[in-house]
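The following paragraphs lead through one protein structure, from its overall form to selected residues. Please keep the sequence and the coordinates at hand while reading.

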Amino acid sequence: MNLSGAENQIQGAIVDGINHAMFPKVTLVNGAVAETNFHLYKFLKVKGCTIRN
């Protein structure tokens, strides 16, 4: 097992979970999702995270 890869997977999952908690908005217009692509959806960026050991 690649321990570095496993650690990166866990950290990525944590950031993804925080992202969904902070920016859960998906806009529906007439029953369809208004965000047509990822450029319209807000994501948590690496500079918005602080990882402390």
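What is the mean pLDDT of the protein, and what percentage of its residues reach 70 or more? The mean pLDDT is 80, and 91% of the residues reach 70 or more; pLDDT is the predictor's confidence in each residue, on a scale from 0 to 100. Where pLDDT is low, the predicted coordinates should not be read in detail. The model is predicted, so local features need pLDDT of at least 70 and side-chain atom pairs count only at pLDDT 80 or more, whereas totals for chains, interfaces and linings use all residues. Residues are numbered from 1 along each chain as its sequence is written, and side-chain values use heavy atoms, with hydrogens and water left out.

The secondary structure comprises 1 helix and 2 strands, assigned as DSSP runs numbered from the N terminus (helices: H or I, at least four residues; strands: E, at least two). Along the sequence these elements follow the pattern α-β-β. The radius of gyration is 15 Å, well over the 10 Å that the globule rule gives for 53 residues, so the protein is more spread out than a compact globule. Here the radius is taken over C-alpha atoms, and the globule rule is 2.2 Å times the number of residues to the power 0.38. Along its principal axes the C-alpha trace spans about 45 × 25 × 15 Å.

Of the 53 residues, 9% count as buried; buried means under 20% relative accessible area, exposed over 50%, and partly exposed in between (1.4 Å probe, protein chains only). The accessible surface comes to about 4,900 Å², of which carbon and sulfur atoms contribute 60%. Accessible areas come from the Shrake-Rupley method with a 1.4 Å probe, and for residues only the protein chains shown count as cover.

Helix H1 covers residues 3-22 and includes isoleucine 18. Isoleucine 18 counts as partly exposed because its relative accessibility is 39%. Together, Ile10, Ile14, Ile18 and Met22 form a nonpolar surface patch with about 390 Å² of accessible area. Patches are made of residues with over 30% relative accessible area and no salt bridge, like charges being joined within 9 Å and nonpolar side chains (Val, Leu, Ile, Met, Phe, Trp, Tyr) within 5 Å; a salt bridge is a side-chain nitrogen of Lys or Arg within 4 Å of a carboxyl oxygen of Asp or Glu.

Asparagine 19 also lies in helix H1, but it is buried because its relative accessible area is 3%. Beyond its neighbours within four places in sequence, asparagine 19 is in contact with Tyr41, Lys42, Phe43 and Leu44, where contact means heavy atoms within 4.5 Å. Phenylalanine 23, in the loop between H1 and E1, touches Tyr41, Lys42, Phe43 and Leu44, not counting residues up to four places away in sequence. At 17% relative accessibility, phenylalanine 23 is buried. Its C-alpha atom is separated by 8.6 Å from that of tyrosine 41, 18 residues apart along the chain.

Asparagine 30 occupies the loop between strand E1 (28-29) and strand E2 (32-33). Although asparagine 30 is not a glycine, its phi is positive, at about 55 degrees. With 82% relative accessibility, asparagine 30 is exposed. Threonine 36, in the segment after E2, is exposed at 65% relative accessibility.
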